[in-house]
Every structure is written in structure tokens, then in C-alpha cells.
Amino acid sequence: MFRIVSPCLLKENASYRSFLAEDTVKEDYLYEICPVQANIESERIPSLQVKRDGNRFKVSVRESLLPEITVANLFSAAETAKILPERDEFVLHASYVFYRGKALLFCAPSGTGKSTQANFWSQARNAITVNEDRAIVFRQNGMYYAGGCWATGKSGTCRNISAPIHRIILLEQGAENTVVRLSLAEKVKRITAQCSFDSGDIQMRERIVCDVLDLVEAVSVIGYACVNDISAVEELEKHL
């Protein structure tokens, strides 16, 4: 849970409102925005600067730029996605589709076609695209869930929907639609490569690898080579 203390309301699109919590909820992390008045000295520092002290973040912003700061700017500058592993959660680079009460995660590097496949599922099966670019993965009552994420792709789609993860589909482009056999090591490697965390922190990397290994052992992971066509939906559905 994040609390933002700011002298003015930050700009953001309407989809962020679904992520707002009651004021009575105790925050896990606090972001305090502190305007910096314009002077010669302030022009020498970055327009937005973040300093962390435990779970408290002091965000210094040039006063003239404050009206333009968005929640996305703030979370990006503070690298919020990278601190979630501290809470045994992590952000996965994946298109999150909500289908029949469960989550399908299309995971792959940028440009592979994650959002395209998500759109095909929306068209062909009336599935809901929760987020075309990010999902928060967490464990609850022994089950792995996908949660909506504030970070969005080009469409700006982000919904606050959490659901048990039914399948993780590791996408790759292919000449035809076919399921690809992957070893456990390959699954862990490819999923870890799409996780957001501080890669310079060796302990954090080891922790993420262990978390991903637990995830792969608990949730079905499918390798899927497919064409850029709605026919990919029908073939994949046979393996769900």
C-alpha cells in the first residue's frame, strides 16, 4: 500500500482511481513530494529526485514542474516495481487477461506480440484485458495470483482485478500455432528475465529466482509459438 503526500493533486488518467484505498488503511510505503523553489542551485539538480529512508521516500520536484507530475512519473522515478520483492511480490512483464474468473499471463520480451494475443482473446472469447504490459504476481493462501498494475502499455489499460493464475504462456513468434516443450530451467530463466527487480542486488536476484521457481512448480507454464492471427486463440485453448 502506497501513500502519497503532495501539496497538489497529481495528474493521472481515470483508470488509476480503481487503485485508490481508504485513508484509514495503513501504508507500507510513504512518498512525500517536496517542491523545490527555482534558483540557480535548483537548476543544477534533476527535475525529480528521490531519496529513500527505510519505507519513506522524499521526492524533490522543481516547483514549476509540480503541476505536470503524474503518479506514473512518481512510481517510475522511485522504481516502485523493484521494491515489491521486499514484500514477496513482483511485477511481471506480461499481458494479463481475465478469462472465466482466472488469469492468463502472456509473458515475453517487448515486440513479441503479448498485447496482440490479449486483444485476440478479447475479440474471440470476450476476455478482459486487465493490463497489456504488466501484472503483479503474489501468493495468497498458498495460491499464486495476478493483480492489476498501475504501469500500463501504449493503450493505457490498467484495471484493479486480482485472480488466481491459471496459465503462464511464454510467447514466441512462429510460422504456425504450436505448443513448445520447455525444461524447468528454461521456464525459470525466461520468466525471471521478465521480472522487475534490482538486478544489481545479488540477494534480490537469488530471491526472485527462488520465487519464480516456486511459481513454476505451482502454476502450469506453457511455451507457445504462434502466428499473428486470431487462430492462435483456438489452438491455445486446447491446452488450457
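A residue counts as buried under 20% relative accessible area, exposed over 50%, and partly exposed in between (1.4 Å probe, protein chains only). The model is predicted: local features need pLDDT of at least 70, side-chain atom pairs count only at pLDDT 80 or more, and totals for chains, interfaces and linings use all residues. Residues are numbered from 1 along each chain as its sequence is written, and side-chain values use heavy atoms, with hydrogens and water left out.

**Exercise 1.** Classify the ring pair of Y99 and W121.

*Solution.* Rings of Phe, Tyr and Trp (its six-membered ring) pair if their centres lie within 6.5 Å; planes under 30 degrees apart are stacked, over 60 edge-to-face, and the rest tilted. By this rule there are eight aromatic pairs. For Y99 and W121 the centres are 5.2 Å apart and the planes stand at 75°, so this pair is edge-to-face. Y99 lies in strand β5 (residues 90–99) and W121 in helix α3 (residues 114–125), 22 residues apart; helices (H or I, at least four residues) and strands (E, at least two) are DSSP runs, numbered from the N terminus. Y99 is buried at 12% relative accessibility, and W121 is buried at 0%.

**Exercise 2.** Classify the ring pair of F138 and Y145.

*Solution.* The centres of the F138 and Y145 rings are 5.6 Å apart with planes at 15°, so the pair is stacked. Both F138 and Y145 are buried.

**Exercise 3.** Which residues of α3 are buried?

*Solution.* The buried residues are K114, Q117, A118, F120 and W121. They cover an arc of only 155° around the axis, which puts them on the same side of α3; the arc is that of the directions from the helix axis to the C-beta atoms.
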